[in-house]
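Me: Got a model open here and a few things to go through. Can you take my questions as they come?

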Amino acid sequence: MMTAKRAEDDPRRRVPGTDSVLADLRLADAARRLGHAVVKEAVHEAQRRARGGEIPPEAVADLASALLPRTATTLRPVLNATGVVLHTNLGRAPLSAAAVEAVQAASGYVDVEFDTASGSRARRGRGTLAALRAVVPRAEEAHVVNNGAAALVLAATVLAAGREIVVSRGELIEIGDGFRLPDLLVSTGARLREVGTTNRTHLDDYRRAIGPGTGFLLKIHPSNFRVEGFTSAVSVADLATLGPPVVADIGSGLLTGDPVLPEEPDADDWLAQGADLVTASGDKLLGGPQAGLLLGTREVVDALRAHPLARALRVDKLTLAALEATLIGPRPPAFAFLHADPEALRARAEKMARRLTGRHIPAGAVPSDGIVGGGGAPGVRLPGWAVRLPSGYTRALRAGEPCVVGRDERGHCLLDLRCVPAERDDELAEAVLRASTVAGAEQAGGRSAGGKRGAGSPGRGQSACE
């Protein structure tokens with residue numbers, strides 16, 4: 001009898017069944033939003049913890065609800081406190097509210113390739129292409145593909161497959177993750193004819209290389225590094241005097257000039273200098289979605305669009321919608337972050353530091369230079385301010401909700417406010433307060449082990465700024 005009584009008292013026998021938990025209104029609603037499989041997995045995890053004695057059986061539905069993701073994607077929103085405006089690892093440019101609204105509008109059936117007046121087929125993305133031409137008036141025609149590399153692939157395939165691309169040795173760049181531009185170009189069947197040296201290339205170098213097999217002259221803006229000292233390069237205007245088509249890649253995606261970035265070339269200017277085609281990225285300084293932009297003469301762009309490869313590289317309706325809204329709508333967040341007022345950043349940092357020190361968290365406001373990032377404007381420093389915390393906060397904030405990505409620098413955690421919207425300062429401060437328990441435990445553990453934890457992490461901090 002006693003054995004039977006103990007079995008009846010076993011809390012594991014009181015763990016509710018899966019069907020009864022799924023009947024909870026919170027979970028039933030979540031199943032409609034996230035899918036049955038996602039919710040069921042959360043329920044099973046809550047049941048497992050209840051059987052292990054971690055939670056009481058009556059808390060299974062509550063825990064299952066708490067374990068559910070906010071959305072049906074594993075992508076996790078973050079607060080970018082690195083000071084890097086176009087952080088490649090964090091998705092580069094954040095979309096504007098207008099672009100997000102446009103994506104939502106385009107998520108259903110839309111007239112992406114349909115003329116509602118005549119009821120017949122229409123040019124795909126015509127509104128987006130018109131917006132591009134309006135922003136870059138010197139472009140006779142425009143086309144959009146899925147990223148900047150694809151734009152160059154399409155140009156090389158159409159204009160130089162089986163022929164030569166003449167390019168300066170000093171412009172054959174490597175970008176992130178070991179991606180090398182020469183490898184991309186030769187994959188199209190084109191041959192590279194390198195001219196000049198790594199630091200100096202002259203107009204005569206190009207002139208001597210031109211022959212019957214020349215497909216085009218390629219000008220690449222080395223937007224992720226700078227060469228200083230005994231250097232020389234050839235302008236687009238000079239290349240345009242030599243005869244063959246000139247294809248120019250501006251790298252960072254600046255369509256028109258910006259006084260904050262005086263050394264950064266823009267598409268409109270290079271077209272004015274005589275480029276037949278300019279390629280650019282949509283998710284960098286333009287501040288829009290990932291896309292490859294091709295702007296140039298009608299003859300060249302029409303030839304690119306007519307090639308079979310253009311179909312394989314085309315963008316979807318969501319990209320077209322976000323890009324058009326970025327072009328015609330309000331300035332995107334990246335523009336605001338790039339032009340942030342240092343004094344305003346200072347006032348925000350000092351206010352947050354006072355708030356945190358008032359809650360016994362060692363915090364201070366310190367100068368912090370931001371950078372453009374995304375392979376753009378190397379060497380340009382963006383004066384700003386950050387909140388300085390003990391180094392243990394860097395990891396704790398990444399693990400919290402919301403996820404906050406700062407950077408380790410000289411044994412401290414720096415939260416640069418440049419790319420944090422001012423209206424989210426309270427949210428950031430609360431995230432620091434919640435992280436203080438974890439960070440304090442890590443610091444205490446490091447001291448008891450006879451060393452500092454997190455203070456010697458320059459590598460991690462640097463990787464956050466790639």
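Me: Where does His-360 sit?
Reply: His-360 is in the loop between H17 and S12. Helices (H or I, at least four residues) and strands (E, at least two) are DSSP runs, numbered from the N terminus. This is a predicted model, where local features need pLDDT of at least 70, side-chain atom pairs count only at pLDDT 80 or more, and totals for chains, interfaces and linings use all residues. Residues are numbered from 1 along each chain as its sequence is written, and side-chain values use heavy atoms, with hydrogens and water left out.

Me: What is the phi of His-360?
Reply: Positive, about 65°, although His-360 is not a glycine.

Me: Buried or exposed, that His-360?
Reply: His-360 is exposed, at 74% relative accessible area. The cut-offs: buried is under 20% relative accessible area, exposed over 50%, partly exposed in between (1.4 Å probe, protein chains only).

Me: Which residue other than glycine has phi near 55°?
Reply: Arg-410 has that positive value. Arg-410 lies in the loop between S16 and S17. With 74% relative accessibility, Arg-410 counts as exposed.

Me: Back to H17. How many residues has it?
Reply: H17 covers residues 342–357, which is 16 residues. From first C-alpha to last it reaches 22 Å, close to the 22 Å expected at 1.5 Å a residue. That expected span is 1.5 Å times one less than the number of residues.

Me: Which residues of H17 are buried?
Reply: Leu-345, Arg-348, Ala-349, Met-352, Ala-353 and Leu-356.

Me: What does the face turned away carry?
Reply: The exposed residues Glu-343, Lys-351 and Arg-354.

Me: New topic, sheets. What is the order of the four strands in the antiparallel open sheet?
Reply: S12-S14-S17-S16. S12 (364–367) and S16 (407–409) are the edge strands, each pairing on one side only. Twist averages 45° from one strand to the next. For angles, axes are lines fitted to C-alpha atoms, for helices over the stretch in contact, and values run from 0 to 180 degrees between N-to-C directions.

Me: How many bridges join S12 to S14?
Reply: Four, with the two strands running antiparallel. Gly-364 has Arg-388 in S14 as its bridge partner. Strands pair if DSSP finds at least two bridges between them.

Me: And how many bridges for S14 and S17?
Reply: Five, also antiparallel, between residues 385–390 and residues 412–416. Val-387 stands opposite Leu-415 in S17.

Me: What about the seven strands, in which order do they come?
Reply: S5-S11-S10-S9-S8-S6-S7, an open sheet with mixed pairing. Its edge strands are S5 (141–145) and S7 (191–195). S9 (residues 246–249) and S10 (residues 277–281) run parallel, joined by three bridges. Ala-248 is paired there with Val-278.

Me: Where is Pro-402?
Reply: In the loop between H18 (393–399) and S15 (403–405). The peptide bond from Glu-401 to Pro-402 is cis, with omega near 5°.
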